[in-house]
Amino acid sequence: MSMIETDHLTKYYGKSRGIMDVSLNVEEGEIFGFIGPNGAGKSTTIRLFLSLIYPTRGKALIFGKDCIQFGAEIRQRIGYLPSEVFYYEGMRVLDLLQYSASFYQKDCTQRLHELADLMELDLKRRIDDLSYGNKKKVGIVQGLLHQPDLIILDEPTSGLDPLMQQKFFNLIREENKRGATIFFSSHILGEVQRLCNRVAIIKEGKIIDIQDIKTLQKNNYKKIEITAEGLDEKRLCIDGVSNIQKMNGTISFFYKGDINAITQLVGAEKIKDLTIENLNLEEIFMHYYE
Amino acid sequence: MNIFFHELRANRKSLLIWCGIVILFNLVGFSKYSAFYENPELLSVLDGMPPALLSALDMNAFNLTTVTGFFGVMVIYFNLILSIAAVMWGSDIISKEERDKTVEFSLTLPITRASLMTAKIAAVIMNCIVLLLVTWGSTLIFAQRYQPDSKFYHFVSLTMLTLLLLQMIFMALGIFLGCVMKKHKQSSSMAVSILLVSYFISIITGLSKDLDFLKYITPFNYFDPAALLHESKLEPIFIVLSLVLIVVSITGAYLSYSKRDLYI
């Protein structure tokens with residue numbers, strides 16, 4: 001079953017663009033990455049899912065139900081971590097978390113304390129005394145304490161130190177194993193690459209590609225570096241080669257196509273060194289945006 | 001229910017401050033009254049003052065040497081204090097979530113926007129009622145030393161009823177502005193401005209008979225304390241008008257808030 005299903009979801013703020021014709025499916029049990037630069041429409045899409053804002057056209061279904069009409073019911077099963085967390089100042093962390101827990105139709109007390117222990121969160125402190133990173137931790141505990149079926153993360157790692165990030169990723173993987181579907185929006189591609197099964201790439205409000213992360217890397221460009229004496233880079237200018245550069249006798253380029261074409265070309269040369277690797281997500285990403 | 005209690009807790013400090021203001025006002029007011037109390041000389045002083053000034057201060061209609069008459073003059077200030085509190089609470093209660101950027105928390109909880117509004121409005125009504133009861137109680141306590149008669153108690157009770165209506169009108173107006181206005185940061189200053197303008201209109205209305213039609217515009221004129229004292233009843237047309245204002249504002253607020261984008 002699709003956990004999230006959008007059909008030509010479009011949002012304009014007055015005349016300025018939010019997102020245009022976003023159609024995507026997130027299947028049960030997936031960790032779905034949603035990547036794009038600032039202002040591409042990631043947060044807009046998420047806010048539409050949560051019916052904080054309403055679409056200009058199109059619709060979004062979550063758990064197969066319209067996300068506006070059944071908003072409150074759907075949100076029983078959603079955990080949301082916004083990119084910037086704001087809570088009522090003057091409340092203690094524990095009071096806030098218990099307040100949040102009181103809205104869900106299950107007892108969240110045990111999970112609340114487990115998560116707080118895991119994230120090393122001091123429950124006795126007041127919200128206004130917390131640093132940015134600690135507020136984020138409150139957000140993580142608050143978003144996960146009711147063991148949601150769908151977890152929506154909007155740039156979740158900002159403000160967390162590397163150790164905490166690691167803990168957080170492990171937590172997300174565990175939640176995923178438990179059966180939760182994850183919608184992970186980020187512009188930090190390394191973390192998406194580590195965590196996600198599939199990604200959607202959004203650019204200027206439009207989805208430009210949705211791919212399995214492995215196919216995205218495999219079927220796409222290879223990064224090739226050749227160090228060989230007397231090899232003229234002009235000989236390498238065949239179909240599928242791009243970004244060709246020569247530095248200190250090493251020629252590097254991106255290649256998309258049959259790898260044998262390259263090996264035949266350079267087979268006769270005296271090669272000192274040769275590396276062929278998949279592009280990391282960052283390089284693919286940059287390629288999409290150039 | 002949890003939202004209701006949360007809002008009561010969050011608004012506790014503000015409620016305490018307003019209660020303090022009302023009690024202080026009563027304290028000062030009634031101690032000033034000791035100068036008027038059974039003192040006919042002051043009446044002649046008042047007779048020498050310009051009629052327009054007396055009318056603006058609503059001192060014409062009352063015999064200031066009786067505690068009932070004196071309270072009649074204080075009513076206009078209570079009108080102002082209690083409605084300012086109501087309009088500020090009303091405009092703040094919904095829009096503060098957007099102002100403090102907590103909408104991404106409160107409205108991603110599994111509740112509908114309408115149920116959130118209902119709980120919040122209930123909390124404001126509760127606050128208004130507590131403030132009204134404090135006003136009522138402190139008035140009765142401070143008036144004790146002047147041996148008020150049964151007419152006084154009756155007048156005070158009627159006045160409290162009109163104060164409640166006034167609170168509800170301005171609370172509803174505040175809520176409406178807080179829900180509708182795009183610049184939510186300005187909703188409470190806008191609400192207070194509207195309140196003050198209608199207060200001044202109500203003063204102007206009292207100055208000339210030709211301006212009598214203005215009394216339909218400003219809620220401060222709906223229940224004239226002097227008429228209330230002498231006739232002991234509220235005019236039905238203004239009760240209806242008040243209820244219409246309240247219902248229209250609240251309905252408008254619900255419709256607008258459930259349909260619009262939240263500002264994040």
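User: Which residue stands opposite Lys223(A) in S13(A)?

Analyst: In this predicted model, the residue of S13(A) that stands opposite Lys223(A) is Phe254(A).

User: Why are strand S12 and strand S14 of chain A said to stand at the edges?

Analyst: The open sheet has four strands in the order S12-S13-S11-S14 (chain A), with antiparallel pairing. Strand S12 (241–247) and strand S14 (271–278) each have a single partner strand, so one side of each is left without a neighbour in the sheet. Neighbouring strands of this sheet are turned against each other by 15 degrees on average, direction ignored. Helix H9 (residues 259–266) of chain A lies across S11, S13 and S14, and runs at about 5 degrees to S11(A).

User: How do you know that S6(A) and S7(A) are paired, and which residue is the bridge partner of Ile78(A)?

Analyst: Four bridges join S6(A) to strand S7 (residues 150–154) of chain A, and the two run parallel; since at least two bridges are required, they count as a pair. The bridge partner of Ile78(A) in S7(A) is Leu150(A).

User: What makes S6 and S10 of chain A edge strands?

Analyst: They belong to an open sheet of six strands, in the order S6-S7-S8-S3-S9-S10 (chain A), whose pairing is mixed. Strand S6 (78–81) and strand S10 (206–212) have a single partner strand each, and therefore one side of each lacks a neighbour in the sheet. From one strand to the next the twist averages 15 degrees. Helix H1 (residues 42–49) of chain A lies across S3, S7, S8 and S9 of chain A, at about 150 degrees to S7(A).

User: Why is Tyr33(B) called buried?

Analyst: A residue is buried if 20 or more other C-beta atoms lie within 10 Å of its own, and Tyr33(B) has 22 such neighbours, so it counts as buried. Tyr33(B) is found in helix H2 (residues 12–36) of chain B and, leaving aside neighbours within four places in sequence, is in contact with Val67(B) and Phe70(B).

User: How do you know that Ile169(B) is buried, and what is Ile169(B) in contact with?

Analyst: Ile169(B), which lies in helix H8 (residues 150–180) of chain B, has 26 other C-beta atoms within 10 Å, and since the cut-off is 20 or more, it is buried. Beyond its neighbours within four places in sequence, Ile169(B) is in contact with Pro219(B), Ser242(B), Leu245(B) and Ile246(B). The C-alpha atoms of Ile169(B) and Leu245(B) are separated by 6.5 Å, although these residues are 76 apart along the chain.

User: Why are the buried residues of H3(A) said to line one face of the helix?

Analyst: Val93(A), Leu96(A), Leu97(A), Tyr99(A) and Ser100(A) are buried in H3(A). Seen down the axis of H3(A), these buried residues fall within an arc of 160 degrees, so they line one face. They pack against helix H4 (109–118) and helix H5 (132–144) of chain A, together with helix H1 (2–10) of chain B.

User: What makes up the side of chain A that touches chain B?

Analyst: Here 19 residues of chain A are in contact with 18 residues of chain B. By class, the chain A side has 13 nonpolar, four polar and two charged residues, and H2(A) gives the most to it, with three residues.

Definitions and conventions:
Residues are numbered from 1 along each chain as its sequence is written. Chains are lettered from A and ligands numbered from 1 in the order in which they are written. This is a predicted model: local features need pLDDT of at least 70, side-chain atom pairs count only at pLDDT 80 or more; totals for chains, interfaces and linings use all residues. Two residues are in contact if their C-beta atoms, placed from the backbone, lie within 7 Å. Ala, Val, Leu, Ile, Met, Phe, Trp, Tyr, Cys and Pro count as nonpolar, Asp, Glu, Lys and Arg as charged, and the others, Gly among them, as polar. A residue is buried if 20 or more other C-beta atoms lie within 10 Å of its own, exposed if 12 or fewer, and partly exposed in between; C-beta atoms are placed from the backbone. Axes are lines fitted to C-alpha atoms, for helices over the stretch in contact, and angles run from 0 to 180 degrees between N-to-C directions. The arc is that of the directions from the helix axis to the C-beta atoms.
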